[in-house]
Amino acid sequence: MNANEPLFWLVIITAIIALSFILIAGAMIAIAVFVNRAVKSVNRMEERLEPLMTRATALSEQGTAIAVQGRQIAEQFNVMSGHLSTATMHLSESAALIKEEVRGIMALADETTEMAHQKVHLVSRAIDTTHERVMDTTEFIQRKVIEPAREMAAVLAGVRRGLEVLVAPSPSPINRSYGDEEMFIG
């Protein structure tokens, strides 16, 4: 491919978009893994904190304060995980929109390629037709103008020679008594 062709740039843009999709998918997977780990951590933390909370309430008011703080942290993690899932959903929607745009660009590229192919074919046919007409015209001029003109020129040349012979003065008789000096060309 040549860098001056639109198809080359379209392939480059498509490759960049594909790499973007891969990066977005990787980011989404990484976010999902982190969210999953955070949720598991929160769940494990809640499971570990529940016995401690019951023990802490039995032991003292200080244990209850710690349990309340643990619940608040768990709620904040849940809120954060909700926000992360919302962000993941938005990333997924963005990826779908980007896919639609890429499909539109590919359809436009296909349409442009087909139209260019048709135009090249049309120009090629026009050139072929013009060439055939020029050749036909040249042959016609050769047959109808040049060949008769040659024949006419040959006839006129013959007529001119014939007239020259008829109109030319008669040659002087040769006198056979020339001397050797007069016959010398030299």
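Where is the place of Val159? I looked it up and found Val159 in helix α2. I took helices (H or I, at least four residues) and strands (E, at least two) as DSSP runs, numbered from the N terminus.

Notes on the model. I am working from a predicted model, where local features need pLDDT of at least 70, side-chain atom pairs count only at pLDDT 80 or more, and totals for chains, interfaces and linings use all residues. Residues are numbered from 1 along each chain as its sequence is written, and side-chain values use heavy atoms, with hydrogens and water left out.

Whole chain. I counted 3 helices and 0 strands in the protein chain, in the order α-α-α along the sequence. Of the 186 residues, 9% are buried (under 20% relative accessible area; exposed is over 50%, partly exposed in between; 1.4 Å probe, protein chains only). I noted an accessible surface of about 15800 Å² for the protein chain, 65% of it belonging to carbon and sulfur atoms (Shrake-Rupley method, 1.4 Å probe; for residues, only the protein chains shown count as cover).

Ser81. I found Ser81 in helix α2 (residues 61-167). Ser81 counts as buried because its relative accessibility is 13%. Neighbours within four places in sequence aside, I list Val35 and Val39 as contacts of Ser81 (heavy atoms within 4.5 Å).

Back to Val159. Val159 counts as partly exposed because its relative accessibility is 44%. I also found Val159 in a nonpolar surface patch of about 730 Å², made with Met152, Val155, Leu156, Leu163, Leu166 and Val167. Patch residues have over 30% relative accessible area and no salt bridge; nonpolar side chains (Val, Leu, Ile, Met, Phe, Trp, Tyr) are joined within 5 Å, like charges within 9 Å. A salt bridge is a side-chain nitrogen of Lys or Arg within 4 Å of a carboxyl oxygen of Asp or Glu.
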